[in-house]
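Biologist: Before I plan around this model, could we go through it together, one point at a time?

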Amino acid sequence: MTDLNISNTSLLLASLLIVVALVIDYKEKLGLGKDIFISAFRTVVQLFIIGYVLGFVFQLDNIILTLVMVAFIILNAAHHAGKRANHLDKAFQISFISIGFGTVLSLGILFLSGTLKWTPSQIVPITGMIASNAMTAVGVGYRSMATKFEDQRQQVQEKLALGATEKQSTLPIVRESIKAAMSPSIDRAKTVGLVSLPGMMSGLMFAGIDPTTAIRYQIVVMFMLIATTGFSTMIASYLSYKQYFNDLSQLK
(Lines give C-alpha, C1' and ligand atoms only; values in the text may rest on other atoms or scores of the structure.)
Protein backbone atom coordinates (compact mmCIF):
# COMPACT_ATOMS: atom_id res chain seq x y z
CA MET A 1 0.00 0.00 0.00
CA THR A 2 1.34 3.45 -0.87
CA ASP A 3 2.08 6.04 1.76
CA LEU A 4 -1.04 8.22 1.70
CA ASN A 5 -1.21 11.41 3.69
CA ILE A 6 -2.78 14.85 3.42
CA SER A 7 -1.48 17.73 5.49
CA ASN A 8 -3.62 20.31 7.26
CA THR A 9 -2.23 22.93 4.89
CA SER A 10 -3.32 20.90 1.86
CA LEU A 11 -6.75 20.39 3.40
CA LEU A 12 -7.06 24.10 4.10
CA LEU A 13 -6.05 25.01 0.55
CA ALA A 14 -8.54 22.49 -0.83
CA SER A 15 -11.23 24.38 1.11
CA LEU A 16 -10.79 27.15 -1.45
CA LEU A 17 -13.01 25.02 -3.69
CA ILE A 18 -15.91 25.87 -1.37
CA VAL A 19 -15.01 29.54 -1.76
CA VAL A 20 -15.30 29.04 -5.52
CA ALA A 21 -18.80 27.63 -5.04
CA LEU A 22 -19.72 30.59 -2.80
CA VAL A 23 -18.43 33.04 -5.43
CA ILE A 24 -20.56 31.35 -8.08
CA ASP A 25 -23.56 31.53 -5.75
CA TYR A 26 -22.96 35.25 -5.12
CA LYS A 27 -22.36 36.07 -8.78
CA GLU A 28 -25.39 34.17 -10.05
CA LYS A 29 -27.60 35.16 -7.08
CA LEU A 30 -28.60 31.54 -6.45
CA GLY A 31 -29.43 31.99 -2.79
CA LEU A 32 -27.52 28.81 -1.87
CA GLY A 33 -24.72 30.46 0.12
CA LYS A 34 -26.07 29.44 3.53
CA ASP A 35 -26.73 25.86 2.41
CA ILE A 36 -23.25 25.57 0.86
CA PHE A 37 -21.60 26.87 4.04
CA ILE A 38 -23.66 24.64 6.33
CA SER A 39 -23.12 21.54 4.17
CA ALA A 40 -19.36 22.15 4.05
CA PHE A 41 -19.23 22.68 7.83
CA ARG A 42 -21.30 19.56 8.49
CA THR A 43 -19.12 17.54 6.09
CA VAL A 44 -15.99 18.43 8.02
CA VAL A 45 -17.48 17.88 11.49
CA GLN A 46 -19.37 14.68 10.66
CA LEU A 47 -16.48 13.04 8.80
CA PHE A 48 -13.95 13.82 11.54
CA ILE A 49 -16.32 12.45 14.20
CA ILE A 50 -17.13 9.29 12.25
CA GLY A 51 -13.43 8.89 11.46
CA TYR A 52 -12.55 8.70 15.14
CA VAL A 53 -15.58 6.48 15.88
CA LEU A 54 -14.70 4.05 13.08
CA GLY A 55 -11.08 3.94 14.22
CA PHE A 56 -12.28 2.87 17.67
CA VAL A 57 -14.79 0.33 16.28
CA PHE A 58 -12.25 -1.22 13.89
CA GLN A 59 -9.68 -1.52 16.65
CA LEU A 60 -12.12 -3.08 19.14
CA ASP A 61 -13.51 -5.56 16.54
CA ASN A 62 -16.57 -6.41 18.66
CA ILE A 63 -19.59 -8.11 17.07
CA ILE A 64 -22.14 -6.25 19.24
CA LEU A 65 -20.60 -2.86 18.50
CA THR A 66 -20.51 -3.70 14.78
CA LEU A 67 -24.22 -4.56 14.87
CA VAL A 68 -24.93 -1.29 16.70
CA MET A 69 -23.12 0.62 13.95
CA VAL A 70 -25.14 -1.23 11.29
CA ALA A 71 -28.39 -0.41 13.12
CA PHE A 72 -27.32 3.23 13.55
CA ILE A 73 -26.65 3.60 9.81
CA ILE A 74 -29.99 2.00 8.85
CA LEU A 75 -31.94 4.14 11.36
CA ASN A 76 -30.35 7.33 10.05
CA ALA A 77 -31.01 6.32 6.44
CA ALA A 78 -34.65 5.58 7.32
CA HIS A 79 -34.98 8.92 9.12
CA HIS A 80 -33.71 10.93 6.15
CA ALA A 81 -35.68 8.91 3.59
CA GLY A 82 -38.81 9.36 5.71
CA LYS A 83 -38.35 13.14 5.62
CA ARG A 84 -38.94 12.93 1.86
CA ALA A 85 -42.46 11.70 2.57
CA ASN A 86 -43.76 13.95 5.34
CA HIS A 87 -47.23 13.62 3.85
CA LEU A 88 -47.31 9.91 4.78
CA ASP A 89 -48.29 8.90 8.32
CA LYS A 90 -45.82 6.02 8.62
CA ALA A 91 -42.97 7.25 6.45
CA PHE A 92 -40.24 6.42 8.97
CA GLN A 93 -41.55 2.92 9.70
CA ILE A 94 -41.92 2.13 5.99
CA SER A 95 -38.45 3.51 5.27
CA PHE A 96 -36.92 1.52 8.12
CA ILE A 97 -38.51 -1.74 6.97
CA SER A 98 -37.61 -1.26 3.31
CA ILE A 99 -34.05 -0.02 3.81
CA GLY A 100 -33.45 -2.52 6.62
CA PHE A 101 -34.58 -5.51 4.54
CA GLY A 102 -32.64 -4.35 1.48
CA THR A 103 -29.46 -3.78 3.46
CA VAL A 104 -29.63 -7.02 5.44
CA LEU A 105 -30.42 -9.04 2.30
CA SER A 106 -27.41 -7.67 0.40
CA LEU A 107 -25.10 -8.05 3.41
CA GLY A 108 -26.32 -11.62 3.92
CA ILE A 109 -25.66 -12.64 0.31
CA LEU A 110 -22.22 -11.03 0.30
CA PHE A 111 -21.35 -12.66 3.63
CA LEU A 112 -22.61 -16.13 2.65
CA SER A 113 -20.85 -15.97 -0.72
CA GLY A 114 -17.55 -15.23 1.00
CA THR A 115 -17.23 -11.78 -0.62
CA LEU A 116 -17.33 -10.12 2.81
CA LYS A 117 -15.82 -11.19 6.09
CA TRP A 118 -17.51 -10.30 9.37
CA THR A 119 -15.04 -7.66 10.39
CA PRO A 120 -16.11 -4.08 11.16
CA SER A 121 -13.65 -2.67 8.62
CA GLN A 122 -15.64 -4.45 5.88
CA ILE A 123 -19.19 -4.62 7.27
CA VAL A 124 -19.58 -1.00 8.39
CA PRO A 125 -18.37 0.76 5.18
CA ILE A 126 -20.36 -1.61 2.94
CA THR A 127 -23.46 -1.09 5.10
CA GLY A 128 -23.09 2.66 4.68
CA MET A 129 -22.73 2.26 0.93
CA ILE A 130 -25.83 0.06 0.67
CA ALA A 131 -28.03 2.06 3.05
CA SER A 132 -27.17 5.43 1.51
CA ASN A 133 -28.09 4.24 -1.99
CA ALA A 134 -31.29 2.64 -0.68
CA MET A 135 -32.11 5.91 1.14
CA THR A 136 -31.71 7.93 -2.05
CA ALA A 137 -33.72 5.47 -4.14
CA VAL A 138 -36.56 5.25 -1.60
CA GLY A 139 -36.69 9.06 -1.44
CA VAL A 140 -36.94 9.28 -5.23
CA GLY A 141 -39.68 6.66 -5.14
CA TYR A 142 -41.65 8.67 -2.56
CA ARG A 143 -41.45 11.86 -4.62
CA SER A 144 -42.37 10.07 -7.83
CA MET A 145 -45.37 8.40 -6.19
CA ALA A 146 -46.64 11.66 -4.68
CA THR A 147 -46.41 13.42 -8.05
CA LYS A 148 -48.16 10.61 -9.89
CA PHE A 149 -50.97 10.37 -7.33
CA GLU A 150 -51.55 14.10 -7.80
CA ASP A 151 -51.41 13.94 -11.62
CA GLN A 152 -53.49 10.76 -11.92
CA ARG A 153 -55.99 11.38 -9.14
CA GLN A 154 -58.93 11.44 -11.53
CA GLN A 155 -57.93 8.14 -13.18
CA VAL A 156 -57.53 6.41 -9.82
CA GLN A 157 -60.95 7.59 -8.67
CA GLU A 158 -62.54 6.38 -11.90
CA LYS A 159 -61.00 2.94 -11.49
CA LEU A 160 -62.23 2.79 -7.89
CA ALA A 161 -65.74 3.81 -9.04
CA LEU A 162 -65.69 0.93 -11.54
CA GLY A 163 -64.96 -1.54 -8.76
CA ALA A 164 -61.16 -1.79 -8.83
CA THR A 165 -59.36 -2.44 -5.57
CA GLU A 166 -56.80 -0.03 -4.10
CA LYS A 167 -53.97 -2.14 -5.51
CA GLN A 168 -55.55 -2.52 -8.98
CA SER A 169 -56.22 1.20 -9.27
CA THR A 170 -52.69 2.22 -8.28
CA LEU A 171 -50.54 -0.56 -9.72
CA PRO A 172 -49.27 1.59 -12.65
CA ILE A 173 -48.29 4.33 -10.19
CA VAL A 174 -46.44 1.87 -7.98
CA ARG A 175 -44.55 0.38 -10.92
CA GLU A 176 -43.61 3.80 -12.31
CA SER A 177 -42.38 4.87 -8.88
CA ILE A 178 -40.15 1.77 -8.57
CA LYS A 179 -38.87 2.38 -12.11
CA ALA A 180 -38.05 6.02 -11.34
CA ALA A 181 -36.26 5.05 -8.12
CA MET A 182 -34.13 2.38 -9.81
CA SER A 183 -33.22 4.44 -12.88
CA PRO A 184 -30.20 6.25 -11.34
CA SER A 185 -28.61 2.95 -10.25
CA ILE A 186 -29.22 1.36 -13.65
CA ASP A 187 -27.87 4.40 -15.50
CA ARG A 188 -24.82 4.44 -13.25
CA ALA A 189 -24.18 0.76 -14.03
CA LYS A 190 -24.51 1.43 -17.78
CA THR A 191 -21.90 4.18 -17.75
CA VAL A 192 -19.47 2.87 -15.14
CA GLY A 193 -15.95 2.83 -16.54
CA LEU A 194 -17.03 4.97 -19.52
CA VAL A 195 -18.12 8.13 -17.72
CA SER A 196 -17.34 7.55 -14.06
CA LEU A 197 -14.79 5.62 -12.04
CA PRO A 198 -16.77 4.73 -8.89
CA GLY A 199 -15.59 5.59 -5.42
CA MET A 200 -14.74 2.12 -4.18
CA MET A 201 -12.67 1.16 -7.22
CA SER A 202 -10.94 4.54 -7.28
CA GLY A 203 -10.27 4.36 -3.55
CA LEU A 204 -8.72 0.89 -3.76
CA MET A 205 -6.56 1.88 -6.73
CA PHE A 206 -5.63 5.09 -4.94
CA ALA A 207 -4.48 2.96 -2.01
CA GLY A 208 -2.26 0.87 -4.28
CA ILE A 209 -4.48 -2.21 -4.73
CA ASP A 210 -4.10 -4.06 -8.03
CA PRO A 211 -6.62 -2.62 -10.57
CA THR A 212 -7.98 -6.09 -11.39
CA THR A 213 -8.84 -6.70 -7.75
CA ALA A 214 -10.38 -3.23 -7.46
CA ILE A 215 -12.54 -3.91 -10.52
CA ARG A 216 -13.76 -7.23 -9.06
CA TYR A 217 -14.89 -5.45 -5.90
CA GLN A 218 -16.56 -2.71 -7.92
CA ILE A 219 -18.51 -5.26 -9.97
CA VAL A 220 -19.86 -6.77 -6.76
CA VAL A 221 -20.75 -3.30 -5.48
CA MET A 222 -22.64 -2.36 -8.65
CA PHE A 223 -24.67 -5.58 -8.57
CA MET A 224 -25.31 -5.08 -4.87
CA LEU A 225 -26.57 -1.52 -5.35
CA ILE A 226 -28.96 -2.43 -8.17
CA ALA A 227 -30.43 -5.29 -6.14
CA THR A 228 -30.73 -3.23 -2.96
CA THR A 229 -32.38 -0.24 -4.59
CA GLY A 230 -34.83 -2.51 -6.39
CA PHE A 231 -35.73 -4.52 -3.30
CA SER A 232 -35.96 -1.51 -0.97
CA THR A 233 -38.03 0.64 -3.32
CA MET A 234 -40.36 -2.25 -4.11
CA ILE A 235 -41.10 -2.77 -0.40
CA ALA A 236 -41.42 0.99 0.24
CA SER A 237 -43.74 1.52 -2.74
CA TYR A 238 -46.08 -1.38 -1.92
CA LEU A 239 -46.27 -0.34 1.74
CA SER A 240 -46.72 3.38 1.09
CA TYR A 241 -49.41 3.41 -1.60
CA LYS A 242 -51.99 2.33 1.01
CA GLN A 243 -51.26 5.53 2.93
CA TYR A 244 -53.01 7.49 0.18
CA PHE A 245 -56.35 5.84 1.01
CA ASN A 246 -58.65 6.11 4.02
CA ASP A 247 -60.43 3.23 5.76
CA LEU A 248 -63.23 3.36 3.14
CA SER A 249 -60.73 2.85 0.29
CA GLN A 250 -61.18 6.45 -0.82
CA LEU A 251 -58.33 8.71 -1.86
CA LYS A 252 -57.39 11.12 0.93
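Modeller: One definition will be needed later: a residue counts as buried under 20% relative accessible area, as exposed over 50%, and as partly exposed in between. Please also keep in mind that this is a predicted model.

Biologist: Is D61 buried, partly exposed or exposed?

Modeller: D61 is found in the loop between α3 and α4, and its phi is positive, about 50°, although D61 is not a glycine. Its relative accessible area is 46%. Because this value falls between the cut-offs of 20% and 50%, D61 is classed as partly exposed.

Biologist: And K29, is that residue buried or exposed?

Modeller: K29 lies in the loop between α2 (16-28) and α3, and K29 too is a residue other than glycine with a positive phi, here near 55°. Since its relative accessible area of 72% is over the 50% cut-off, K29 is exposed.

Biologist: How many helices and how many strands does the protein chain have?

Modeller: Read from the N terminus on, the elements run α-α-α-α-α-α-α-α-α-α. The count for the protein chain is therefore ten helices and zero strands.

Biologist: What percentage of the residues in the protein chain is buried?

Modeller: The C-alpha trace spans about 70 × 55 × 35 Å along its principal axes, and the accessible surface comes to about 15,700 Å², of which 66% belongs to carbon and sulfur atoms. Of the 252 residues in the protein chain, the buried ones make up 33%.

Biologist: How far apart do the C-alpha centres of the two domains, domain 1 and domain 2, lie?

Modeller: The domain assignment gives domain 1 (1-60) and domain 2 (63-251). The contact takes ten residues from domain 1 and nine residues from domain 2. As for the C-alpha centres of these domains, the distance between them is 26 Å.

Biologist: Which helix gives the most to the lining of the largest pocket?

Modeller: This pocket holds about 870 Å³ of space, and its lining draws at least three residues from each of domain 1 and domain 2. The helices α3 (33-60), α4 (63-82) and α6 (120-151) each supply at least two residues of that lining. With eleven residues, the helix that gives the most is α6.

Biologist: Which residues lie nearest the centre of the largest pocket?

Modeller: By class, the lining has 15 nonpolar, nine polar and three charged residues. Of the 27 residues that line the largest pocket, those nearest its centre are Q46, N76, A77, H80 and M135.

Biologist: Turning to the second largest pocket, which residues are the closest to its centre?

Modeller: The second largest pocket holds about 340 Å³ of space. It is lined by 15 residues, and the closest to its centre are S121, P125, I126, M129 and M200.

Methods. Residues numbered from 1 in each chain as written. Predicted model: local features only at pLDDT ≥ 70, side-chain atom pairs only at ≥ 80, totals over all residues. Heavy atoms only, no water. 1 Å grid on protein atoms, 1.4 Å probe; cavity = no way out; pocket = protein on both sides within 12 Å on 5 of 7 lines; lining within 4 Å. Points joined across faces, edges and corners; volume = space filled by probe spheres on them. Helix = DSSP H or I, 4+ residues; strand = E, 2+ residues; numbered from the N terminus. Nonpolar A, V, L, I, M, F, W, Y, C, P; charged D, E, K, R; others polar. Domains from an automatic or database assignment. Buried < 20%, exposed > 50% of the residue type's maximum accessible area, 1.4 Å probe, protein only. Areas by Shrake-Rupley, 256 points an atom, 1.4 Å probe, with all protein chains shown as cover. Contact = heavy atoms within 4.5 Å.
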